[in-house]
Structure formats: C-alpha cells, structure tokens
Amino acid sequence: MIKYARSHLEQTSLRVQIWGKAAIGLYLWQHIFGGHLEPADVTAQWREGSQKAGKTHFSFLTGPSLVPGYFSVDAEHVVLVLNGREPAKIAYATQWLHYAQTLIETRKIQHVAVVLLGNEQCNNAWIQPYLKRNGGFVDLLFLTYDYAFVNEEDIFQWPLGVATYRSFPVVEPSWSMLRDPRSYLCNFLGTVYKNSSRETLMEILKQDGLDKLCWIAAREQWQPQETNESLKNYQDALLQSDLTLCPVGINTECYRIYEACSYGSVPVIEDVMTPGDCGNSSMYHSAPLQLLKTMGAPFIFIKNWKELPAILEKEKKMSLQEKIQRRKKLLEWYRNFKAWMRQKFINTLENSFLPSDKG
C-alpha cells in the first residue's frame, strides 16, 4: 500500500524550478504568484523562494549569480524567464536556452517552458526554432504583446506587468486608497517623444487648461532608472489621480497600465495598433491588448486624445461615491486578473508536463 501511495504521490506532484533571468520574472513571482524572495534586498547576488500550488511545487531563483552550470538543478521541469527585446538580450537568452537543451539531452530535466519579454514590434522569429512543434525542445511559450502566433495550445500571451526593473513594488490596496478623494482628475508622467500622439495629448491638455486639473510631468528623454524620489513621485501621482493617461509608446501595452491598476487609478488607453508585426492571432481578434480585453478590463479605451476633454468633463461631475465604486471594481478586477493568470499558468504546466491518466 505504501508503495502504491508513493507512486501515486509521485505521479501527481510536479517539481518546477523557475529561473528568473529577466525582470518580468519578478512580476510573475511576486505579483502574480504572491511569492516571497530571500534575501529581501533587491540588489542581492542570489535570491530564491518557493511555493506549493495545485499539484506543483515551485521554486524561483534569480540574481546575477544565477549562471548556467553554477547552481543545482533540483527539478525535472524548468521555466526559463528571458528577455527577447533586442539583439544583445536575445544573445544572452540563447545561451540559457542552449544550457536547458543540454540538460534535456542528458536527461537531467524533462520539460522546459519559456516566459519571454517579447520584442515590442513582435519580431520574435528567433525563438520559433526552439519550440517543440518546430523540432526544438521548448514545450510551452508565454510571451508579452499581441503576438500573431498565440494559439492557446503551446503559445500563450503573457501580461507585461509593472516595471519591476525600476523597483515598482507589490501594492496592497488600503482603505484610504479606496475611499479618499483624489486631488487630480488625471496624471501623465513620462517622456514625450517628438511627432508622437503624446505631443497631441500635451497640446489638448494645455488648450483647455486641463493640465491644471491633472498631474502632468513631461520629459524629453527616456530614463531607464528611477531615483527613489522619482519613483515615489510617480507612485504619488497614481495614488492622487482618478485616471492615468496611457498614450501608446513603441507598443500600445505599457507598464503604466498595470501600475495604475495597482493604485486603483483607471487607465485611459489609446487603443490603436503600433507599427510592427503585432496584431490579431487565430484565437483573438481584438488587438491591441487582446489579453486585457478578453479578461474584461474595466478601462477607458479611446481612439484619439481629442476624446479626452469630454471624458474629463464627465469626471468632474462624478460623485466620490461613484468613484469609490469604480475604484473597487478596478482593484478587484486586477486582483482577479492576477489570480486567473496564476491559475492558467499552473494548469497549462500541469496539463503539459504531467503524464495523463490515459496511461
């Protein structure tokens, strides 16, 4: 009996090691999984955490000293979190894929899934040869942006999440976040690129004196690193505004969307496709932001910033009670969204990696 129970136990439990080699790994682990990392210090060379979920035991490893061949692989299944945004990152990601391939070939591990920060124009052709369907070894691919090859079989869309690389934290909703009146109708803190819709947005705000009602801090140059002060400033702006303006950048999806949700500030989204190869897939026909739309995100979608003055007029007339209800809906939706992504991720891994009961 013990023997039977043991074999049954082994059958139903999956050990998965997640190797976090891109900042979106922290969104996956800390925000979606609600997992912890030791040590807490974000600059530590090595950080790890673990969690049991469903039939699966997950451990998460990250940090600069996570290097191929220099840590113990103690799971049969691996999730590689990689950055495929530009050539230098892809070269680095490829080294990790080759390491995983060696482990598969030498039977050290059985399955590999990849969570990929995709290219903003969806130029992800480099990853295709690694997929099992194309003769490679990667069973599952979860990737950001509206990639046309998403098929819900082995290729899935994954949310971009918050800018963990700028130390944007996990935010716990509070009573005051939900109930306090906010000083600003809207906010936009960011870079205004030449000849972009962001310039149009700035003009519209100035024209109607709407910039007096909103927290606007525009800069000419993109800054990858936040200072503690600028991060605090940005978080205050989200917390103090009812709406967060989300103009398109290189892609329609941006960290700002998820960061606004964290603080209960409704994203106002410029719902237009950006140049490149992103778009509808065979499964979804609502690009851009198919994942968020499919999940019923309670955002305000607009096609043109000229629609903004009317939206702000409407805001002025809204009672605090109505705003509280809306915030509640947004915060609840975001919590459910993360829980759903977590469940979907776990189910997908289990369905793919666990031997089916059909024998």
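## Basis

Residues are numbered from 1 along each chain as its sequence is written. In this predicted model, local features need pLDDT of at least 70 and side-chain atom pairs count only at pLDDT 80 or more, while totals for chains, interfaces and linings use all residues; side-chain values use heavy atoms, with hydrogens and water left out.

## Disulfides

The whole structure contains two disulfides, a disulfide being a pair of cysteine sulfur atoms within 2.5 Å. Cys122 is joined to Cys278, with an S to S distance of 2.1 Å. The torsion about this S-S bond is about 100 degrees, so the disulfide is right-handed. Cys122 lies in the loop between strands E5 and E6 and Cys278 in the loop between strand E11 and H8, so the bond ties together parts 156 residues apart in sequence. Helices (H or I, at least four residues) and strands (E, at least two) are DSSP runs, numbered from the N terminus.

In the pair Cys186 and Cys214, the sulfur atoms are 2.0 Å apart. Cys186 belongs to strand E8 and Cys214 to strand E9, 28 residues apart.

Cys246 is in no disulfide, and the nearest cysteine sulfur, that of Cys254, is 4.8 Å away. Cys246 is buried, with a relative accessible area of 1%; Cys254 is also buried, at 14%. Buried means under 20% relative accessible area, exposed over 50%, partly exposed in between (1.4 Å probe, protein chains only).
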